[in-house]
Amino acid sequence: MTKRILVKIVWSGLILVGLFLFTSDASFFASLLSALGLAIFSFLLVDLFILPRANIALATVIDAVLAYLFIWALASNNAWSMSLFEVLAITIVFTAFEYFYHDWLIKNGIKQDPKLKVE
């Protein structure tokens, strides 16, 4: 379990912090905390709860919606200079990472239970 969350935190942190710094006037510390918050929240909700009960596509779509809303709220509440297009672009990049991460999780430890379904 520790390896799985560390992989998520490191890779999504690299992606998100870099994109936050590139697209907005956010500080490094604010970008780092935001990336950490999104990674942990996404891991707990999607990777541990939804992915074992659903398929990769559904988990990835939920991650995309979660990421978009999370990033949009951060940008709005912190007065970051991000347009909605930049929020969408970051969401797309993050979602692409999530698709491959979900595939890796299924191959390396997340057991899918066909009895529990999210429909």
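The following questions and answers go through a predicted model of one protein chain.

Visitor: Which conventions for numbering, confidence and side-chain atoms apply here?
Guide: Residues are numbered from 1 along each chain as its sequence is written, and side-chain values use heavy atoms, with hydrogens and water left out. Because the model is predicted, local features need pLDDT of at least 70 and side-chain atom pairs count only at pLDDT 80 or more, whereas totals for chains, interfaces and linings use all residues.

Visitor: How many helices and how many strands does the protein chain have, and in what order do the elements run?
Guide: Helices (H or I, at least four residues) and strands (E, at least two) are taken as DSSP runs numbered from the N terminus. On that basis the protein chain has four helices and zero strands, and from the N terminus on the order of the elements is α-α-α-α.

Visitor: What is the radius of gyration of the protein chain, and what does the globule rule give for 119 residues?
Guide: The radius of gyration is taken over C-alpha atoms, and the globule rule is 2.2 Å times the number of residues to the power 0.38. The chain is as compact as a globular protein of its length, because its radius of gyration is close to what the rule gives for 119 residues: 14 Å for the chain and 14 Å from the rule.

Visitor: At what angle do the axes of H3 and H4 cross, and what is the hand of the crossing?
Guide: Axes are lines fitted to C-alpha atoms, for helices over the stretch in contact, and angles run from 0 to 180 degrees between N-to-C directions. A crossing is left-handed if the near helix is turned anticlockwise from the far one by less than a right angle, and right-handed if clockwise. The axes of H3 (residues 56–77) and H4 (residues 84–107) come within 8 Å and cross at roughly 145°, and the crossing is right-handed.

Visitor: How many nonpolar, polar and charged residues does the contact of H3 with H4 have?
Guide: Contact means heavy atoms within 4.5 Å, and the residues that make it include Ala67 and Ile71 of H3 and Leu88 and Phe94 of H4. Ala, Val, Leu, Ile, Met, Phe, Trp, Tyr, Cys and Pro count as nonpolar, Asp, Glu, Lys and Arg as charged, and the others, Gly among them, as polar. By class, the contact has 15 nonpolar, four polar and three charged residues.

Visitor: Is Ala35 buried or exposed, and with which residues is Ala35 in contact beyond its neighbours within four places in sequence?
Guide: Buried means under 20% relative accessible area, exposed over 50% and partly exposed in between (1.4 Å probe, protein chains only). Ala35 lies in helix H2 (residues 28–50), and because its relative accessible area is 1%, Ala35 is buried. Leaving aside its neighbours within four places in sequence, Ala35 is in contact with Gly13, Leu16, Val17 and Phe20.

Visitor: Where is Ala79, and what is its phi?
Guide: Ala79 is placed in the loop between H3 and H4, where it is exposed, with a relative accessible area of 59%. Although Ala79 is not a glycine, its phi is positive, at about 55°.

Visitor: What separates the C-alpha atoms of Lys111 and Pro52?
Guide: Lys111 is found in the segment after H4 and is exposed, with a relative accessible area of 71%. Lys111 and Pro52 are 59 residues apart along the chain, and their C-alpha atoms are separated by 6.0 Å.
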